[in-house]
Amino acid sequence: MFVGGMVPTELTEPLDPHRLAMRGTQAPRPHCVALQGRVGESTACRIYDRRPSVCREVTPAWEFGTPNPQCDKARMAYGLEPLTPEDWFDPSGSNTPPLSQNA
Ligand code: SF4
């Protein structure tokens, strides 16, 4: 995992001599140290505006109309069903990003 310059250093750990990873993401059951809340109930990234580029590249499955096996795998590791298109809706009817009903 590449970590950008804005990620708090204390939340990272060496991945190899040239790269860093978020603490907790290399564990047998990965759980990023920046993830707050309880998985399956309510969670949020506490460094969302400063999250690493690799995190910016992963979008929740179907948020923008496409599946994401990486998202599905992460959810299943915590006993959560994969997201479906029906988990997203746009209450305003506009083209703004939809809101999850099941994140
Ligand atoms: S989005 Fe935030 S909580 Fe999720 S892995 Fe990246 S830094 Fe951690």
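1. Pro85 is a handy place to start: this residue sits in the loop that runs between α2 (69-77) and β5 (88-89). Helices here are DSSP runs of H or I with at least four residues, strands are E runs of at least two, and both are numbered from the N terminus. Pro85 counts as partly exposed because it has 13 C-beta neighbours inside 10 Å. On the cut-offs: 20 or more other C-beta atoms within 10 Å of a residue's own make it buried, 12 or fewer make it exposed, and partly exposed is in between, with C-beta atoms placed from the backbone.

2. A word on what we're looking at. This is a predicted model, in which local features need pLDDT of at least 70, side-chain atom pairs count only at pLDDT 80 or more, and totals for chains, interfaces and linings use all residues. Residue numbers start from 1 along each chain as its sequence is written.

3. Confidence next. pLDDT is the predictor's confidence in each residue, on a scale from 0 to 100. The protein chain has a mean of 87, with 82% of its residues at 70 or more. Where pLDDT is low, the predicted coordinates should not be read in detail.

4. Overall layout: the protein chain has two helices and six strands, in the order β-β-β-β-α-α-β-β along the sequence. Of its 103 residues, 11% count as buried. Taking contacts (C-beta atoms, placed from the backbone, within 7 Å), 27% of those between residues at least 6 apart in sequence join residues at least 24 apart.

5. Now the hairpins. Strands pair if DSSP finds at least two bridges between them. β1 (residues 12-16) and β2 (residues 19-22) pair antiparallel over four bridges, forming a hairpin with two residues between the strands. Glu13 stands opposite Ala21 in β2.

6. β3 and β4 (residues 42-45) also run antiparallel, joined by four bridges, and Gln36 faces Ala44 of β4 across the pair. This hairpin has three residues between its strands, and Gly40 in the turn has a positive phi of about 95 degrees.

7. Which residues lie around the ligand? They are Met22, Cys32, Ala34, Leu35, Cys45, Ile47, Arg51, Pro52 and Cys55, where the criterion is a C-beta atom, placed from the backbone, within 6 Å. The shell divides into eight nonpolar residues, no polar ones and one charged.

8. Trp62 deserves a look, in the loop between α1 (53-57) and α2. Its phi is positive, about 70 degrees, although Trp62 is not a glycine. Most residues other than glycine have a negative phi. Trp62 counts as partly exposed, because it has 19 C-beta neighbours inside 10 Å.

9. Thr66 is also in the loop between α1 and α2, and counts as exposed because it has 9 C-beta neighbours inside 10 Å. Back to Pro85: C-alpha to C-alpha, Thr66 and Pro85 are 8.4 Å apart in space and 19 residues apart in sequence.

Notes: Two residues are in contact if their C-beta atoms, placed from the backbone, lie within 7 Å. Ala, Val, Leu, Ile, Met, Phe, Trp, Tyr, Cys and Pro count as nonpolar, Asp, Glu, Lys and Arg as charged, and the others, Gly among them, as polar.
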